[in-house]
Amino acid sequence: MRSRYEHNKRRFDAIGPLEKIYLFWIVGASCDGCTIALTGATNPGVEDLMAGSIPGIPKVEVVHTVVSVESGAEWVHNLFMADRGELDAPFVIVWEGSIMDESLSGDGYWMGLGEDPDTGRQITSLEWLTRLAPKAAATFAIGTCATWGGIPAASGNVTNASGVMDYLGEEYRSAFGVPVINVPGCSPIGDNFVETAVAVLLFLQGLAPLPEFDELGRPAWLFSETVHRHCPRAGYYEEGVFAHEYGDKECLVELGCWGPVVQCNIAERGIVNGVGGCMQLGGICIGCTMPGFPDKFSPFYASSPGHLISTSLSRVTGTFVRTLRNLTIGDKNMSPRWEHLDTLPSGWRRQEATPFGLEKLGHKFYNAFQRSKQSYN
Ligand code: SF4
Ligand code: SF4
């Protein structure tokens, strides 16, 4: 006999596009930072999803312990309905926090989420994931704890914590054929999550192809670049100029920044509404989006072993390039008229401002070369 869920799934397939979808937010070993991060999404915001105001996207019924009006047994009732296939729309799971190994919890449990109404038996969050993940339209892991294990999985932990992908395994596929979707970050950028969710919802609606994910299930368009490539301090790195202490404006690599080898888009996206971000606010990158975090980036605030080679090279080439650039900046700060009259008519000048000697010769040579190139082109 066909399960109610199977019946519903076929019905949804047949009637799409969907008008509504449920989102079950389930929490493991978490600090709730991902929930806070989600509220910072602006483009679109989570409230736009809940209001169903985005064209082509179904209204999202968020079942979350913070935003739901139900609590206790009434809240958990939603999960029972999903498990029995009694919902009037498909659902997705968003898991926040690491998965702690319940086989190590002795007589108790690490993560409890409701009780069986018939027997009073404690149900764990992990049991809900096991029961619901195969029936979900998609399973999202939000934040580095849920994606790779994160801080609760650091060396010395007693819970054998891991990520959702570790627990569900590589064979896992959602009811709509999607592997676990990973949006890492500690905490993640809210817009990264909502943008990914919207892209997947468009796919589930049949309005767009499945967006591109990398081999670790990260949205490829958000995590394929390193922080360093878009960092506002990258120009200093290129010119071989490095900060000596926090508060300096230059590249932070010698203070322990791992940006050159970390895949994260915070340098171009910011934290909220395009504003903020680690280097923008003077902080180093500690690799919080990466599967190796935190152990492979520890100790924090100590420079990485590999930086010596790259910063030494940058110092050599950067010093040379910076000197040439400074000469050119001097040239471009002189109008042709001032150059012709050999004067700088500014009351603000602090020293002899018109070039002379080798500098003047350099400017002449540079301009002659530039013009010959222009006429050639
Ligand atoms: S601060 Fe970090 S990410 Fe930015 S340029 Fe320096 S090493 Fe690269
Ligand atoms: S720049 Fe580094 S520390 Fe900052 S959010 Fe990205 S990965 Fe995390």
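## A first stop: aspartate 342

Aspartate 342 counts as partly exposed because its relative accessible area is 42%; buried means under 20%, exposed over 50%, and partly exposed in between, with a 1.4 Å probe and protein chains only. Aspartate 342 sits in the loop between helix 14 (336–341) and helix 15 (357–376). Helices (H or I, at least four residues) and strands (E, at least two) are DSSP runs numbered from the N terminus. The phi of aspartate 342 is positive, about 60°, although it is not a glycine.

This is a predicted model, in which local features need pLDDT of at least 70 and side-chain atom pairs count only at pLDDT 80 or more, while totals for chains, interfaces and linings use all residues. Residues are numbered from 1 along each chain as its sequence is written, chains are lettered from A and ligands numbered from 1 in the order in which they are written, and side-chain values use heavy atoms, leaving out hydrogens and water.

## Domains and cores

The domain assignment, automatic or from a database, gives domain 1 (4–220), domain 2 (225–329) and domain 3 (333–377). Between the centres of domain 1 and domain 3, taken over C-alpha atoms, there are 63 Å.

The largest nonpolar core has 33 residues, and those touching the most other members are Phe24, Phe91, Ile93, Trp95, Trp128, Leu129 and Val164. Such a core is a set of buried Ala, Val, Leu, Ile, Met, Phe, Trp, Tyr and Cys residues joined through side-chain atoms within 4.5 Å. At least two residues each come from strand 1 (20–27), helix 4 (72–84), strand 3 (91–96), helix 5 (125–132) and helix 7 (164–168). Helix 4 gives the largest share of this core, five residues. Another core, of 29 residues, lies apart from it and includes Ala41, Val46, Leu49 and Val62.

## Around ligand 2

Which residues surround ligand 2? They are Val227, Val262, Cys264, Ile266, Cys278, Met279, Cys285, Ile286, Gly287, Cys288 and Thr289, where being near means having a heavy atom within 4 Å. This shell has nine nonpolar, two polar and no charged residues. Here Ala, Val, Leu, Ile, Met, Phe, Trp, Tyr, Cys and Pro count as nonpolar, Asp, Glu, Lys and Arg as charged, and the others, Gly among them, as polar.

Cys288 and Thr289 are also among the residues that threonine 144 touches; contact means heavy atoms within 4.5 Å. Threonine 144 belongs to helix 6 (residues 143–148) and is buried because its relative accessibility is 1%.

## A pair of rings

Tyrosine 246 and tyrosine 301 make an edge-to-face aromatic pair, 6.4 Å centre to centre with 80° between the planes. Rings of Phe, Tyr and Trp (its six-membered ring) pair if their centres lie within 6.5 Å; planes under 30 degrees apart are stacked, over 60 edge-to-face and the rest tilted. Tyrosine 246 is partly exposed at 43% relative accessibility, whereas tyrosine 301 is exposed at 56%.

## Backbone details

Most residues other than glycine have a negative phi, and most peptide bonds are trans. The bond joining cysteine 186 and serine 187 is cis, with omega about -5°. From serine 298 to proline 299 the peptide bond is also cis, with omega near -5°. Asparagine 160, in the loop between helix 6 and helix 7, has a positive phi near 55°.

Key:
Lists of a residue's contacts leave out its neighbours within four places in sequence.
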